[in-house]
Structure formats: structure tokens, C-alpha cells
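Please look over the sequence and the model shown here before reading on.

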Amino acid sequence: MKKLKKIKIKLNGKTKTIVEKSTLYELINNFKIPITKVAIELNKKIVNKKEIKKIKLTTNDKIEIVHFIGGG
Amino acid sequence: MRDKLKVANKRFNSRLIVGTGKYNSMAECAKAVKISGADIVTVAVRRVNISDKKKPLLMDYIDPKKITYLPNTAGCFTSEDALRTLRLAREIGGWKLVKLEVLGDKKNLFPDMVETLKSTEILSKEGFKVMVYCNDDPLMAKKLENVGASAIMPLAAPIGSGLGILNQINIKIIRNQTKLPLIIDAGLGQASDATIAMELGCDGVLVNTAIAKAKKPYDMALAFKNAVIAGRQSYLSGRIDKVLLGRPSSPTKGII
């Protein structure tokens with residue numbers, strides 16, 4: 001079987017190594033992030049959460065996942 | 001209750017809005033919010049902690065279906081950052097009612113009104129209902145109104161300073177010139193400051209540090225709740241005129 005190629009991406013400012021052609025959905029699932037309570041940005045563009053299964057990640061993608069915390 | 005706070009065509013029972021920052025724990029924050037009776041809480045937008053998956057979420061403690069979340073742009077120093085933050089906030093769950101706060105100086109945390117004005121206009125055009133943290137300048141308040149602000153939220157004093165309302169005259173002038181909701185945001189230190197704000201004719205107050213950092217946050221939350229109600233009732237009741245000399249309270253006729 002052909003070995004899957006690994007790529008580097010940035011998730012919330014931290015470099016992560018993932019399998020090439022992983023989807024955004026897989027990434028979010030791996031980190032057990034509650035999708036209904038967050039917003040996602042891919043390379044500074046807001047992602048429609050309904051589309052994440054279709055979005056394949058590529059090298060150097062920058063992903064930001066945010067949620068609400070206490071603030072004034 | 002008939003005297004409700006109206007913001008962007010929504011009605012709220014409480015005229016006290018509380019911030020959810022600076023508490024020792026989320027449980028403490030949630031309890032203080034409950035005691036305060038607030039219907040609206042401000043929240044910040046930040047990165048999810050990807051290394052600690054068990055970290056508790058604010059939404060687990062304060063139910064956004066019961067309490068209106070008002071996402072803020074705390075920590076943003078440019079219009080670009082503020083817009084990015086609020087567009088993300090909207091994406092989390094359809095929030096359109098937002099608190100815009102574009103800071104201009106890291107030490108005094110005063111708002112950058114040029115960036116704030118620009119952001120208010122863009123956000124309003126995008127359909128956001130923008131409650132705007134601003135300085136206590138009647139001219140700027142007017143400009144914000146002209147570009148579509150949903151509420152004017154002038155500071156009482158620098159954020160977290162606890163100094164109370166420093167310029168009551170300006171607040172009164174803003175009150176007299178606008179029909180928009182006027183909410184004092186930032187700088188209050190004790191419950192009586194909230195009463196003064198309400199007696200000046202403000203529609204509400206936004207308090208965070210004064211409750212969260214009080215020695216007894218729960219008691220202070222209750223004190224602010226009562227202070228806002230007292231101030232509002234006092235304002236609606238119509239105070240007496242101020243005069244320089246004494247006027248006897250007992251009849252002068254029939255004195256022995």
C-alpha cells in the first residue's frame with residue numbers, strides 16, 4: 001500500500017502535521033472540537049461549517065478555530 | 001414588566017448588562033450573572049484551546065438560549081481586527097447583536113474613535129446591530145448614530161478603573177440628543193455609580209470588573225441589580241428642583 005504523504009499546517013498558531021488530503025472535518029474531529037460552538041477560518045476566510053467535509057487541507061494552510069470565552 | 005430595555009427591536013427585562021471576564025471560575029461567573037438578573041452578557045472571541053480538550057466552555061455554564069450573548073471585540077486595535085472578530089462571532093451561531101470596541105491605547109484603553117466610526121458603518125451595512133463602546137463625546141456619539149449604531153455606549157471612565165462617571169454633563173448632553181439606547185460601559189466602581197448613570201437618563205449600564213473583582217462578587221452583583229432598578233425608578237419619578245436655600249418640610253402654620 002502506498003504510504004500517505006504528510007503535510008504541515010498551522011492550527012491556531014501551532015504547527016501540526018497531518019495526512020495529505022485530510023478534510024477540515026477530519027481535523028476538527030481529531031481534536032474533538034464541538035463544531036456547533038465554534039467558528040472556523042481557513043487562510044483568513046470564514047468557512048461555512050456545512051462545507052467542512054468537502055474542504056481538503058493543503059500544505060501551509062492556516063486554520064483558526066475560535067469560540068466564546070469570558071470577557072467584558 | 002412594562003419598562004423594558006429596547007435594543008435593536010429586542011426587549012430585555014434587565015437594564016444591567018454584565019461582562020463575563022475576570023472571574024475566578026466559570027461557575028463563579030455563572031452564579032454572579034444569575035444573581036445580577038442580567039439578560040445580556042458580553043463575551044470575548046478567542047482561539048479554542050487545542051492542547052487542553054477538557055477545558056470547560058462558557059456555553060456549558062451560561063446557556064446562550066436563556067441569556068443573550070453579546071460578542072465583543074476586546075483587544076482589537078484596528079477596524080480590520082474588529083471586523084474579523086465579529087464576523088467570526090456571527091458564524092459561531094448567528095449572532096448579529098454585537099459590542100464593538102476598537103481600542104486606541106494600551107495603557108488607558110480609550111477607544112480609537114476614527115477606527116470605531118469606520119467599523120460601525122461597515123458592520124451596520126453588513127446587517128449587524130452594533131452597540132458601540134465610545135468616549136463620552138456628544139459629537140462622536142452623533143456621528144455613530146448617523147452611520148447606523150444600534151446603541152451608544154460611552155465610557156464612564158477607563159475600562160476597569162472603578163472611577164465612576166467622570167463627565168456627567170457630557171452623558172446628559174448625549175442623553176438629550178439621542179433616542180438610541182444609551183448604555184454606560186466601563187469604569188464603574190460601585191453600585192451607586194450605576195444609580196447615577198440611570199438617574200442621568202441612561203437606558204442601562206454594562207459592568208464587569210466592579211462585580212467580578214469585588215471582595216464579594218455575588219453580593220455586588222445583587223447590589224448592582226438593585227442600584228440599576230433604583231436609579232431607573234428615580235429617573236422616571238422626576239426629581240425635585242435643586243434650590244440653594246432650605247425649605248421646611250413641616251407646616252409653618254400653628255407653631256406653638
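Two strands are said to pair if DSSP finds at least two bridges between them. Strands themselves (E, at least two residues) and helices (H or I, at least four residues) are DSSP runs, numbered from the N terminus. This is a predicted model, in which local features need pLDDT of at least 70 and side-chain atom pairs count only at pLDDT 80 or more, whereas totals for chains, interfaces and linings use all residues. Residues are numbered from 1 along each chain as its sequence is written, and chains are lettered from A and ligands numbered from 1 in the order in which they are written.

With pairing defined, an open sheet in chain B can be described. Three strands form this sheet in the order β6-β7-β8, and their pairing is parallel. The edges are held by β6 (97–100) and β8 (151–154) of chain B; each has a single partner strand, so one side of each is left without a neighbour in the sheet. From one strand to the next, the twist averages 20 degrees. Strand β7 (residues 129–134) of chain B pairs with β8(B) in the parallel sense over four bridges, and B:Met131 has B:Ala151 in β8(B) as its bridge partner.

A helix accompanies this sheet. Helix α4(B) lies across β6 and β7 of chain B and runs at about 175 degrees to β7(B); axes are lines fitted to C-alpha atoms, for helices over the stretch in contact, and angles run from 0 to 180 degrees between N-to-C directions. Two residues are in contact if their C-beta atoms, placed from the backbone, lie within 7 Å.

Two packed helices are described by the angle between their axes and the distance between the axes. What are these values for α3 (residues 79–93) and α4 (residues 113–125) of chain B? Their axes come within 9 Å and cross at roughly 35 degrees. The crossing of α3(B) and α4(B) is right-handed, a term used if the near helix is turned clockwise from the far one by less than a right angle, and left-handed if anticlockwise. From α3(B), the residues B:Ser79, B:Ala82, B:Leu83 and B:Leu86 meet B:Glu115, B:Lys118, B:Ser119, B:Ile122 and B:Leu123 of α4(B). This contact divides into five nonpolar, two polar and two charged residues. Here Ala, Val, Leu, Ile, Met, Phe, Trp, Tyr, Cys and Pro count as nonpolar, Asp, Glu, Lys and Arg as charged, and the others, Gly among them, as polar.

In soluble globular proteins, nonpolar side chains tend to be buried together. A residue is buried if 20 or more other C-beta atoms lie within 10 Å of its own, exposed if 12 or fewer, and partly exposed in between, with C-beta atoms placed from the backbone. A nonpolar core is a set of buried Ala, Val, Leu, Ile, Met, Phe, Trp, Tyr and Cys residues joined through C-beta atoms within 7 Å. The largest such core has 94 residues, and those that touch the most other members include B:Val132, B:Ile152 and B:Phe224. Residues up to four places away in sequence aside, the contacts of B:Ile152 include B:Val132, B:Cys134, B:Ala141 and B:Leu144.

Chain A can now be considered. Its secondary structure comes to one helix and five strands, which follow the pattern β-β-α-β-β-β along the sequence. The C-alpha atoms of chain A fill a box of roughly 50 × 25 × 20 Å, taken along the principal axes. Of its 72 residues, 24% count as buried.

Finally, two loop residues deserve attention. A:Lys32, in the loop between α1 (24–30) and β3 of chain A, has a phi near 50 degrees, a positive value in a residue other than glycine. A:Lys32 is exposed, with 9 other C-beta atoms within 10 Å. B:Ala8 lies in the loop between β1 (5–7) and β2 (10–12) of chain B, and its phi is likewise positive, near 50 degrees. B:Ala8 is partly exposed, with 14 other C-beta atoms within 10 Å.
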